[in-house]
Amino acid sequence: MTTARSGIVTMLTDFGQVDTYVGVMHGVLWTYAKRLRAVVDLTHEVPAQEVTIASFHLDAAFRWFPPGTVHVAVVDPGVGSGRAILAARIGEHFFLAPDNGLLARLLDGAADREVVAVDVERVGLATCSATFHGRDVFSPAAALLVDGQAVSDLGRPVLDWSRAAAPSPERVSDKPESYRGEVVSVDRFGNLITNLPGSLLGDEHREWELEIAGQCLPVAGTYADVARGQALALVDSYGLLEAAVRNGDAARALGAGRGVPALLRRRT
């Protein structure tokens with residue numbers, strides 16, 4: 001399959017912005033990619049080595065970019081080890097990530113996919129550090145993809161890949177109808193984002209409540225549906241249930257964080 005490239009590369013890492021790592025990756029891209037139009041930093045504030053969080057953010061973000069975009073995700077506790085680096089085409093998007101479960105959420109759900117283990121010696125820079133594959137392998141590989149190289153040219157085909165221990169919601173009761181999930185991310189506003197899809201609510205959110213950290217929160221349509229300082233639940237921009245406090249910080253107010261159980265329950 002031949003897919004036109006957009007000239008856009010996105011980057012998602014746990015590198016932070018204090019050091020020059022991110023800037024250097026940009027520099028390699030601009031040096032080697034002839035058709036590069038833009039580099040978009042999705043975030044570099046993934047908690048250090050938190051592969052599951054990186055997977056969550058990548059899955060939520062990539063679809064908002066045009067077809068032919070190359071997505072580079074480097075949260076890589078195994079850098080320098082024998083772990084593979086995966087290059088993948090999923091539909092009309094391209095991905096580069098370590099084979100540590102970061103891409104599993106996307107690959108497992110894709111019918112139209114192509115995956116290879118990158119040939120590091122052929123694709124990477126001549127001098128390859130054991131600790132900075134973002135610069136020496138991921139950026140050069142991304143440059144090749146931006147310029148139209150096929151995924152199959154970057155390495156050998158892969159039919160299986162590592163899975164991260166990503167939590168999944170489960171139905172726990174029919175009377176009242178209820179689903180158990182957990183908080184998978186906390187954003188900068190203190191909103192507690194769960195893995196419970198908003199589609200569970202059906203057409204009427206007012207029939208439901210979200211129990212989290214020992215409190216039952218009404219499911220509202222918007223933050224403005226409740227008074228200032230009141231806790232609520234609502235469907236966020238990811239299409240997931242989140243716990244929030246209007247004009248406040250739910251993580252602080254509820255004393256909750258990532259991994260805390262969440263129970264979505266139909267009111268009786």
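**Exercise 1. The largest pocket**

What is the volume of the largest pocket? Then describe its lining.

*Solution.* The model is a predicted one.
- Start with size: the largest pocket has a volume of about 360 Å³.
- Next, list the lining: 17 residues line the pocket, and Phe-56, Asp-59, Arg-105, Tyr-238 and Leu-240 lie nearest its centre.
- Find the main contributor: helix H2 (residues 51-61) gives the largest share of this lining, five residues.
- Sort by class: 10 lining residues are nonpolar, four are polar and three are charged.

**Exercise 2. Helix H2**

How many of the 11 residues of H2 are buried? Name them.

*Solution.* 
- Count: nine of the 11 are buried, and H2 is mostly covered.
- Name: they are Val-51, Ile-53, Ala-54, Ser-55, Phe-56, Leu-58, Asp-59, Ala-60 and Ala-61.
- Link to the pocket: Phe-56 and Asp-59 are among the lining residues nearest the pocket centre.

**Exercise 3. Helix H1**

Check the length of helix H1 (residues 21-32). Then find which of its residues are buried.

*Solution.* 
- Predict the span: 12 residues at 1.5 Å a residue should span 16 Å.
- Compare: the end C-alpha atoms are 17 Å apart, which agrees.
- List the buried residues of H1: Val-22, Met-25, His-26, Val-28 and Leu-29.
- Recall the geometry: an α-helix has 3.6 residues a turn, so residues three or four places apart point the same way.
- Find the cover: it includes strands S1 (8-13), S2 (38-43) and S3 (70-74), and helix H5 (133-146).

**Exercise 4. Pro-77 and its contacts**

Is Pro-77 buried or partly exposed? Which residues does Pro-77 contact beyond its neighbours within four places in sequence?

*Solution.* 
- Locate: Pro-77 is in the loop between S3 and strand S4 (85-90).
- Classify: its relative accessible area is 43%, so Pro-77 is partly exposed.
- List the contacts: Gln-49, Val-51 and Asn-100.

**Exercise 5. Backbone details**

Describe the backbone at Gln-49, Asn-247 and Pro-176.

*Solution.* 
- Gln-49: phi is near 65°, positive in a residue other than glycine. Gln-49 lies in the loop between S2 and H2. At 53% relative accessible area, Gln-49 is exposed.
- Asn-247: phi is about 55°, positive although the residue is not a glycine. Its loop runs between strand S14 (240-245) and helix H6 (250-254). At 60% relative accessibility, Asn-247 is exposed.
- Pro-176: a cis peptide bond joins Lys-175 to this residue, with omega about -5°. Pro-176 is in the loop between strand S8 (170-174) and strand S9 (177-186).

Notes:
Residues numbered from 1 in each chain as written. Predicted model: local features only at pLDDT ≥ 70, side-chain atom pairs only at ≥ 80, totals over all residues. Heavy atoms only, no water. Helix = DSSP H or I, 4+ residues; strand = E, 2+ residues; numbered from the N terminus. Expected span 1.5 Å × (residues − 1). Buried < 20%, exposed > 50% of the residue type's maximum accessible area, 1.4 Å probe, protein only. Contact = heavy atoms within 4.5 Å. 1 Å grid on protein atoms, 1.4 Å probe; cavity = no way out; pocket = protein on both sides within 12 Å on 5 of 7 lines; lining within 4 Å. Points joined across faces, edges and corners; volume = space filled by probe spheres on them. Nonpolar A, V, L, I, M, F, W, Y, C, P; charged D, E, K, R; others polar.
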